[in-house]
Every structure is written in structure tokens, then in C-alpha cells.
Amino acid sequence: MYKYFKRLKFILKFWKFIPFLKEFFFSKEVEMHKKAIGILFILAYAFFPFDLIPDFLSLFVIVDDVVIATFVLERMIKMSPQSLKDKYKLN
């Protein structure tokens, strides 16, 4: 249950991720292979939008997109250096 609350808190702080993503991709602290993995995650989600919940359940359609987007952002945060996490308070 704690995992779901943590994920919800993560989603509510989404506004912090735009500058984080910019710095993640342009920073020299982040290794090139980690940037490539981040781009791969984003492109895979864009070109292969997995539906965990079928589209005919229109009330819950956005839930699977939020879960997958949150997963991608969490992976990118885990790959980022500690200094970047500290700067954006993403620990």
C-alpha cells in the first residue's frame, strides 16, 4: 500500500520533472549510456503505448498511462547522479 502512496506523491510532484529531464539529458554528470536508456524508455512508451487497462473502460483509460509514465520517470531518477537528485529534492 505504501508503494501506491509513494507513486501518487510522485505524480503530484510532476512539475519538478521538466527541469530535471532537461538537466538529465544535457548534464555532463550523467553517463551517455544512461541518457540513451532514458531516451529508449521515452521512445518505447511513445511508439508502443501499452494498455494495461482496455480502452473500452473509458473511465480508467488514463490510469495505465499514468502508471507507465511514472515508471519511466522513476527509472530515470534512479539512474541519475545523487547531485541531480539532491538539486531537485527527488530522493
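These legends accompany close-up views of a predicted model.

View 1. Of its 91 residues, 29% are buried. Among contacts with a separation of 6 or more, 62% join residues 24 or more positions apart. The accessible surface is about 6800 Å², with 73% of that area belonging to carbon and sulfur atoms.

**View 2. Helix H2 packed with helix H3**. Here residues 17–26 form H2 and residues 32–47 form H3. Their axes lie 9 Å apart, at an angle of about 130°. This value makes H2 oblique to H3, because only angles over 145 degrees count as roughly antiparallel. On the H2 side, look for Phe-24, Phe-25 and Phe-26; H3 contributes Lys-34, Lys-35, Gly-38, Ile-39 and Ile-42. Sorted by class, this contact holds five nonpolar residues, one polar and two charged.

**View 3. The ring pair of Phe-17 and Phe-20**. The structure holds five aromatic pairs, and this view shows one of them, formed by Phe-17 and Phe-20.

**View 4. A cluster of linked rings**. Stepping back from that pair, you can follow ring pairs that link Phe-17, Phe-20, Phe-24, Phe-25 and Tyr-88 into a cluster. Phe-24 and Phe-25 also take part in the contact of H2 with H3.

Key: Residues are numbered from 1 along each chain as its sequence is written. This is a predicted model: local features need pLDDT of at least 70, side-chain atom pairs count only at pLDDT 80 or more; totals for chains, interfaces and linings use all residues. Side-chain values use heavy atoms; hydrogens and water are left out. Axes are lines fitted to C-alpha atoms, for helices over the stretch in contact, and angles run from 0 to 180 degrees between N-to-C directions. Helices (H or I, at least four residues) and strands (E, at least two) are DSSP runs, numbered from the N terminus. Angles under 35 degrees count as roughly parallel, over 145 as roughly antiparallel, 65 to 115 as roughly perpendicular and the rest as oblique. Contact means heavy atoms within 4.5 Å. Ala, Val, Leu, Ile, Met, Phe, Trp, Tyr, Cys and Pro count as nonpolar, Asp, Glu, Lys and Arg as charged, and the others, Gly among them, as polar. Rings of Phe, Tyr and Trp (its six-membered ring) pair if their centres lie within 6.5 Å; planes under 30 degrees apart count as stacked, over 60 as edge-to-face and the rest as tilted. Buried means under 20% relative accessible area, exposed over 50%, partly exposed in between (1.4 Å probe, protein chains only). Accessible areas come from the Shrake-Rupley method with a 1.4 Å probe; for residues, only the protein chains shown count as cover.
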